[in-house]
Amino acid sequence: MQPTEPLFDTLATAAFHGERVAARRLATRSQRSEAQALLEVLTQAAATAGLADLSALLAARGVAKQIDADRRAGRRAEQAARLAHRKAQLAPPSDRWRGWFDGSAHPNPGRIGIGALLCGPAGQRIEISRRAGHGNSGQAEYLALTALLEAAVEAGARDLLLYGDSQVVINDVNAGSVTVGASGLEDYRARVLALMAQTATSRLHWVPRHRNGDADRLSQRAIEPSPVEKED
């Protein structure tokens, strides 16, 4: 019997990998078509499994594949739900003031650019992008945070959620002491802690750089050469 093309496709779909390999080997040895060889292999598989015929084998495997597909779909749905829940937990709530900051020094030390974004629960959006003299990256990050907090005080913001990608500055501030922290940054830290007290803000939150894109963009824009500088 020479299986038709649609039947061969059905057999190939139902066959396990090992059975397809066995069919190819059988076809080579017996000089039969691969379709005929596969038909024989699966007929033998049906008999070995105690099934009535090939049709029963195909039906059983169809059911098994559907169950497996449903299980995979269920796992994907669960993973998607967990991911959505995680994103929802990480997303800052929209009913509070939120701020992001970033500072850049090019080279390091070198020209400082600071960037910050302050967003309010009523749709307020305050962007900061400016140069801030010369210094190192730690000073740049502190100056950006200071500018953000000064804008928050001016806007009357309270209990802010503040985010940055500088672990040095965030760990330094979260230590909560004016006198103990990163060396050389004491004055910056004291100013930031004073501003945080004015806004009733107790803690900063670290985020990876790719989640601090707006502040990074604003800080980079601040240190771009002006048209006059480009001509020089």
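Analyst: Gladly. This is a predicted model. We start with two helices: H2 passes H3 in a right-handed crossing.

User: Which residues make the contact between H2 and H3?

Analyst: On the H2 side they are Glu-19, Ala-22, Ala-23, Arg-24, Leu-26 and Ala-27. H3 brings Glu-34, Ala-37, Leu-38, Glu-40, Val-41, Leu-42 and Ala-45.

User: What angle do the axes of H2 and H3 make?

Analyst: They cross at roughly 125 degrees and come within 8 Å. H2 covers residues 17-30, and H3 covers residues 34-48. That makes H2 oblique to H3. Perpendicular would need 65 to 115 degrees, and antiparallel over 145, so the rest is oblique.

User: On to the strands. Why is S1 called largely enclosed?

Analyst: Strand S1 spans residues 98-106, and eight of its nine residues are buried, so the rest of the structure largely encloses it. Buried here means under 20% relative accessible area.

User: How do you know that S1 pairs with S2?

Analyst: Count the bridges. Nine join S1 to S2, residues 110-119. Pairing takes at least two, so S1 and S2 pair. They run antiparallel. Trp-100 has Leu-117 as its bridge partner in S2, and Ala-105 has Ile-112. Three residues lie between the two strands, which form a hairpin.

User: What joins S1 to S4?

Analyst: Four bridges do, and the two strands run parallel. S4 holds residues 161-164. Arg-98 stands opposite Leu-161 in S4.

User: What makes the pairing of the sheet mixed?

Analyst: S1 shows it from both sides. S1 runs antiparallel to S2 but parallel to S4. The five strands form an open sheet in the order S3-S2-S1-S4-S5, with mixed pairing.

User: What makes S3 and S5 edge strands?

Analyst: Each pairs on one side only. S3 is 125-135 and S5 is 204-206. From one strand to the next, the twist averages 25 degrees.

User: Which strands does H5 touch?

Analyst: H5, residues 137-155, packs on the sheet and touches S1, S2, S3, S4 and S5. Its direction makes about 35 degrees with that of S2.

User: And where does H6 lie?

Analyst: Helix H6, residues 167-174, lies across S1, S4 and S5. H6 runs at about 150 degrees to S5.

Conventions. Residues numbered from 1 in each chain as written. Predicted model: local features only at pLDDT ≥ 70, side-chain atom pairs only at ≥ 80, totals over all residues. Heavy atoms only, no water. Axes fitted to C-alpha atoms, helices over the stretch in contact; angles between N-to-C directions. Parallel < 35°, antiparallel > 145°, perpendicular 65-115°, else oblique. Left-handed = near helix turned anticlockwise from the far one by under 90°. Contact = heavy atoms within 4.5 Å. Buried < 20%, exposed > 50% of the residue type's maximum accessible area, 1.4 Å probe, protein only.
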